[in-house]
Amino acid sequence: MAASDLHIVRHHLDAPGPPVVLVHGAPDRAKNFAHVVHLLPDLAITVYDRRGYGRSIDAGRDASGQVPGGFEVHAADLIDILDGTPSVVVAQSAGGAIAMLAATLAPELFLALGVWEPPM
């Protein structure tokens, strides 16, 4: 599985400063961040639909229809999306737990991590 299987949208690519990645919770999707993205035109923002959500609903499903690996797969996706670029990551709900796991696996890629309502 690779993050290239996911629906990823990058906004304001020419904006100065560090990139920002927003990670949605469950049962949300990237589109729920549209208002936030609109309010922050001075930031390069990436949003994506995590596996099993929105336009990534079928990404990485096995023959039984399940996404194998749980949070580890989602954390690996986030690390792939960061693509070696240190970034600010802001995440909500289950996305917060995923971002915290990813930050422990690749701390050099996280300039800052903001989470709210992580379930763990």
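Q92 sits in strand 4, which covers residues 87-92. At 13% relative accessibility, Q92 counts as buried, where buried means under 20% relative accessible area, exposed over 50%, and partly exposed in between, with a 1.4 Å probe and protein chains only. Leaving aside residues up to four places away in sequence, Q92 touches V23, H24, G25, D28, W116 and E117; contact here means heavy atoms within 4.5 Å.

A word on the model itself. It is predicted, so local features need pLDDT of at least 70 and side-chain atom pairs count only at pLDDT 80 or more, while totals for chains, interfaces and linings use all residues. Residues are numbered from 1 along each chain as its sequence is written, and side-chain values use heavy atoms, with hydrogens and water left out.

Now for the whole chain. It holds three helices and five strands, in the order β-β-α-β-α-β-α-β along the sequence. The radius of gyration of the chain is 13 Å, close to the 14 Å that the globule rule gives for 120 residues, so the chain is as compact as a globular protein of that length. That radius is taken over C-alpha atoms, and the rule is 2.2 Å times the number of residues to the power 0.38. Helices (H or I, at least four residues) and strands (E, at least two) are DSSP runs, numbered from the N terminus. Along the principal axes, the C-alpha atoms fill a box of roughly 45 × 25 × 25 Å. Of the 120 residues, 38% are buried. Among contacts with a separation of 6 or more, 70% are between residues 24 or more positions apart.

Next, a pair of helices. Two packed helices are described by the angle between their axes and the distance between the axes. Helix 2 (residues 71-82) and helix 3 (residues 94-105) pack at about 70 degrees, with axes 8 Å apart. That makes helix 2 roughly perpendicular to helix 3, a term for angles of 65 to 115 degrees. From helix 2, F71, E72, H74, A75, L78 and I79 meet A94, A97, I98, A99, L101, A102 and L105 of helix 3. The residues of this contact divide into eleven nonpolar, one polar and one charged.

Most residues other than glycine have a negative phi, and most peptide bonds are trans.

Which residues does a cis peptide bond join? The bond links A26 and P27, with omega about 0 degrees. P27 is in the loop between strand 2 and helix 1 (34-39).

Another proline, P19, lies in the loop between strand 1 (7-11) and strand 2 (20-23). At 24% relative accessibility, P19 is partly exposed. P19 touches A44, T85, P86, S87 and V88, not counting residues up to four places away in sequence. P19 and P86 are 67 residues apart in sequence, and their C-alpha atoms are 7.7 Å apart in space.

Methods. Axes are lines fitted to C-alpha atoms, for helices over the stretch in contact, and angles run from 0 to 180 degrees between N-to-C directions. Angles under 35 degrees count as roughly parallel, over 145 as roughly antiparallel, 65 to 115 as roughly perpendicular and the rest as oblique. Ala, Val, Leu, Ile, Met, Phe, Trp, Tyr, Cys and Pro count as nonpolar, Asp, Glu, Lys and Arg as charged, and the others, Gly among them, as polar.
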